[in-house]
Amino acid sequence: MTSEVHMLRSCVTHRGRRVAVSSVSRRTPSRSMSNLAPDPVFVLRGAKSPVTSLAFLHASEAGKLRKIAAGTQDGHIMIWDLKTKCVIKEWSSNSSSSVLWLQSPSEEELWAHVRYDSVAVWDISLSVPQVKVQYPVSEYLGFSQSHLVSLDNCTSLLAIPGPNQEGVSVWNVNTKTKISCLMPLDARSRGSLMQVRWVKVGTSVSLLVAYESGHLSLWNWNTSSVVTEAQVTDNPICLTFDDKSQIGIIGTASEKVFIFSISSELTIAIIKEFCITNAGLSSCVIRPDGKLFVTGGWDSCIRIFSRQKYKPLAVLKYHKKTVECVAYSASEVEFFGPGFLLAAGSSDKSISLWNIFNV
């Protein structure tokens, strides 16, 4: 899987924008396909600064998913049509700071968290997207993403990092009111908040928070209290969790990757620890069917692992700089074949698309 594959890249101009078209050179029959590193099915270009966040846009019709959004380091948001491979919308978030997080709960809305600034809900049904509502980010200077979850009663909750470096604010999206602030009693010893994520375990919806100290805390957002905790030995940088298997992944600033579980009794357990070749992971995601997980590294590599046995399956070496963000489509993407499509955004200003291990 470490064999080099030669790429033939050409650029065409569309509406004044350079668009990369990639194709793969033919391989000699004597070389085993199983020993070759796979290639991206396409590479999206057009960003003027590093790509810092990605989200496949929600599609109301099954099998009709065909758009992807990206946020950049200079505060811009872009949407590509994956049929034409062209940028169809691009606008400024009204800030020059990084777009840390994007989420698409419906075809008309795109939620975007801009560092130092706010979480904005954009109406993307308009020819020029407009902000419908904003939620402030209060005195938080780190890189944690926000996260949105829908409860069974149709209420939606938004978790935003802040106030300060250690707190998390929980908002009721339906009433647009802040309902709790989660601040650890020993906040100074925890260091900065690193990541937040809603998790569903049975009928319970809790907020999982990773701190610079390595603490992983599960909060009851109703009572503003910690339900359970665990701790890893390294600084967590990225965090993801699969509600179906109740398994999560933590990527760190070192070579270490941690696998954890949350039991039906809401107990966190670190169940595995392993090392990758080079230090530093900026992003991680679990495929929607729970079979694979993917990491994006500071060494520009995309690593794919078996979720069941946690064994490495492939190292994808297309990008030239840090892989800042990775995202999976929720279902099959039109024009890209069966299975889930993987997208990776990089500091080299490109987004690679991969259809891999879907057979």
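Which strand does strand 26 (residues 302-306) pair with, and over how many bridges? Strand 26 teams up with strand 27 (residues 312-316), and four bridges hold the antiparallel pair together. Keep in mind that you're looking at a predicted model.

**A hairpin to start with**

Let's stay with that pair for a moment. Strand 26 and strand 27 make a hairpin, with five residues sitting between them. In the turn you'll find Tyr 310, which has a positive phi of about 60°. If you want to spot one of the bridges, look for Arg 303, whose partner in strand 27 is Val 315. As background, strands in a sheet pair through backbone hydrogen bonds, and they can do so in a parallel or antiparallel way.

Next up is an open sheet built from four strands, in the order 3-30-29-28 and with antiparallel pairing. Strand 3 (42-44) and strand 28 (323-328) are at the edges; each has a single partner strand, so one side of each has no neighbour in the sheet. From one strand to the next, the twist averages 20°.

Now zoom in on strand 29 (residues 342-346) and strand 30 (residues 351-354). These two run antiparallel and are joined by four bridges. One place to look is Ala 343, which has Leu 353 in strand 30 as its bridge partner.

**Salt bridges**

On to the charged side chains. Side chains of opposite charge can pair when their charged atoms come close. In this model, the count comes to nine salt bridges. Here are some of them:

| Pair | Closest N and O atoms |
|---|---|
| Arg 190 and Glu 229 | 2.7 Å |
| Asp 289 and Arg 287 | 2.9 Å |
| Glu 273 and Lys 256 | 3.6 Å |

Start with Arg 190 and Glu 229, which form a salt bridge. This pair links distant parts of the chain: Arg 190 belongs to helix 1 (residues 187-190), Glu 229 belongs to strand 19 (residues 225-231), and they are 39 residues apart. Glu 229 has 33%, so it counts as partly exposed.

Glu 273 is in strand 23 (residues 268-275) and Lys 256 is in strand 22 (residues 256-262), so the pair ties together parts that are 17 residues apart in sequence. Glu 273 is partly exposed at 42% relative accessibility, and Lys 256 is partly exposed as well, at 24%.

Asp 289 is partly exposed at 30% relative accessibility, whereas Arg 287 is buried at 5%.

**A cavity inside**

Which residues line the largest cavity? They are Ala 47, Lys 48, Ser 49, Thr 72, Asp 74, His 76, Met 78 and Glu 90. Sorted by type, the lining has two nonpolar residues, three polar ones and three charged ones.

Terms used:
Residues numbered from 1 in each chain as written. Predicted model: local features only at pLDDT ≥ 70, side-chain atom pairs only at ≥ 80, totals over all residues. Heavy atoms only, no water. Salt bridge = Lys/Arg side-chain N within 4 Å of Asp/Glu carboxyl O. Buried < 20%, exposed > 50% of the residue type's maximum accessible area, 1.4 Å probe, protein only. Pairing = 2+ DSSP bridges. Axes fitted to C-alpha atoms, helices over the stretch in contact; angles between N-to-C directions. 1 Å grid on protein atoms, 1.4 Å probe; cavity = no way out; pocket = protein on both sides within 12 Å on 5 of 7 lines; lining within 4 Å. Nonpolar A, V, L, I, M, F, W, Y, C, P; charged D, E, K, R; others polar.
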